Amino acid sequence: MMLDSRTRLAQTEFVILMALMTSLVALAIDSMLPAFDKIGASFSVTSPDQLQLIIAVLFLGFGFGQLVFGPLSDVFGRKPPIYWGLAIFMAGSVLSGFSSNFEFFILGRFLQGFGGAAPRIISLALVRDEYVGNSMARITSLVMTVFILVPAVAPALGQLVLFFAHWRQIFILLFLVSLAIWLWFGIRQPETLSIEKRRVLGFKSFMQAGRLTFSQSTTVACMIVSGLVFGVFVGYLGAVQTLFIKDFDVRELFPMYFAILALAIGSASFFNSRLVMVFGIRYLVSFSLVAMFTLAVIALLALLFYEIATPPLWFFMLYMMATFFCVGFLFGNLNALAMIPLGHVAGIGSALLGFVQNAIAVVVGLFVGGYFLKDIRYLIVAFGTVSFISFVLLKAEKHFSNRAVSLSGPKSAQS
């Protein structure tokens, strides 16, 4: 396939297009949240554990999709794998939207996650192809600024559909959005990876990159930590709509409260882009984990002291806003820290990183989500526990890696 001869898109159009591609999976997740009870009623599914599969299975597909589409974009160019991924996402939207049983519905969600991984991760490669240095950082920040708005407005969008139509129409909307992205991307965005820069990806090179990735202690530690934290977040997403209705008697206003919490993560991402240049990645990650653990301890002690099983809504919102503000400092920094040692295997390394993160997150999310529905205090316990484990793991990894470097001598340390 010939490299497209057209000049690159104007910056504003490029940023909006990349942001839409990046946020498609987030839209597929968060627009579903107001419809959980209606979906369960349609398929006669009453178990909260089964309803959590609506979220968890999509993340599972997303993890596998990263593992597939990341390397393929280095072999076939950026555009074909995005076409394939969007087509799979649309097929999953149709399957879930028109399925007559819960099993096919869940299969459609897996396909949505699997296909949605292509525009999500390859859009980052497109930015890297088109821009370098400070320009790349600026474009990435602008993309993420637009992306942050999606989790905030997606539940309200889903709720709006439910006011006028059946929950199945949400999937029609997702199909139309993905189709619009496909057409816009196909017509306007040139190919950015020339034929001479494409790789021949064989099993041997994949295994070598995999061995290098998993031999880096920092990368593995960050995989585990981000998977644990993300797992609690996945469990939260699967339970949050039920929690707001059951514990706080909030239904129509649920999208507003969800948006407030989502914006807490977004605001942290905004501040992180400035603070990371001053304090460094590891300091911000450590500080955020300590803050998360401290917040959990204070919240639990307050609930125990006042003998309250279910906290007031204002207390829960304050705690979750502060915790999510800490989470906003973790995801980007942990991924950046994990990628530092990978160098020239960044493509496959990032795919493996995303796959392992999502695999851990799905397992953890399915395990803890059921407890959140039984007692909201388990959510606080979960955030406190994973922050403590994560802090200890990262400190131990840094200690032993520094010790290994010092024992191996200056020559090895320089390398």
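**The nonpolar core.** Begin by selecting F105, Y236, L237, F244, M320, F324 and F383, the residues with the most contacts inside the largest nonpolar core, a set of 115 residues. Next, colour helix α10, residues 217-246, which supplies the largest share of this core, 16 residues. Keep in mind throughout that the model is predicted.

Now centre the view on Y236. Which residues does Y236 contact, leaving aside its neighbours within four places in sequence? They are F258, L261, M320, F324, F372 and L379.

**Confidence.** Colour the chain by pLDDT. The mean for the protein chain is 86, and 91% of its residues reach 70 or more. Residues 1-5 have pLDDT below 50, and this stretch has 11 contacts beyond near neighbours in sequence. Residues 411-415 also stay under 50, and here the model has 2 contacts beyond four places in sequence.

Select C222 and C326. A search of the whole structure finds 0 disulfides. For C222, the nearest cysteine sulfur is that of C326, 17 Å away. C222 counts as buried because its relative accessibility is 0%, under the cut-off of 20%. C326 is also buried, with a relative accessible area of 8%.

**A serine in a loop.** Move to S99, in the loop between α5 (79-98) and α6 (102-130). Is S99 buried or exposed? S99 is buried, with a relative accessible area of 6%. Its side chain reaches the backbone oxygen of S96 at 3.2 Å. Leaving aside neighbours within four places in sequence, S99 is in contact with F43, F104, F105 and R168.

**Salt bridges.** The structure holds 5 salt bridges, and the tour visits some of them.

- Select R251 and D37, whose side chains meet in a salt bridge at 2.7 Å, N to O. R251 is in the loop between α10 and α11 (254-279) and D37 is in helix α2 (residues 36-42), so this pair links distant parts of the chain, 214 residues apart. R251 is partly exposed, at 38% relative accessible area, and D37 is likewise partly exposed, at 30%.
- Select E397 and R282, where the closest N and O atoms of the salt bridge are 2.9 Å apart. E397 lies in helix α15 (residues 377-408) and R282 in helix α12 (residues 281-305), so the pair ties together parts 115 residues apart in sequence. E397 is buried at 9% relative accessibility, whereas R282 is partly exposed at 25%.
- Finish with R377 and D375, which meet in a salt bridge at 2.8 Å, N to O. R377 counts as partly exposed at 26%, while D375 is buried at 19%.

Terms used: Residues are numbered from 1 along each chain as its sequence is written. This is a predicted model: local features need pLDDT of at least 70, side-chain atom pairs count only at pLDDT 80 or more; totals for chains, interfaces and linings use all residues. Side-chain values use heavy atoms; hydrogens and water are left out. pLDDT is the predictor's confidence in each residue, from 0 to 100. Contact means heavy atoms within 4.5 Å. A nonpolar core is a set of buried Ala, Val, Leu, Ile, Met, Phe, Trp, Tyr and Cys residues joined through side-chain atoms within 4.5 Å. Buried means under 20% relative accessible area, exposed over 50%, partly exposed in between (1.4 Å probe, protein chains only). Helices (H or I, at least four residues) and strands (E, at least two) are DSSP runs, numbered from the N terminus. A disulfide is a pair of cysteine sulfur atoms within 2.5 Å. A polar contact is a pair of N or O atoms within 3.5 Å; within protein, one must be able to donate a hydrogen and the other to accept it, and residues adjacent in sequence count only if both atoms are side-chain atoms. A salt bridge is a side-chain nitrogen of Lys or Arg within 4 Å of a carboxyl oxygen of Asp or Glu.
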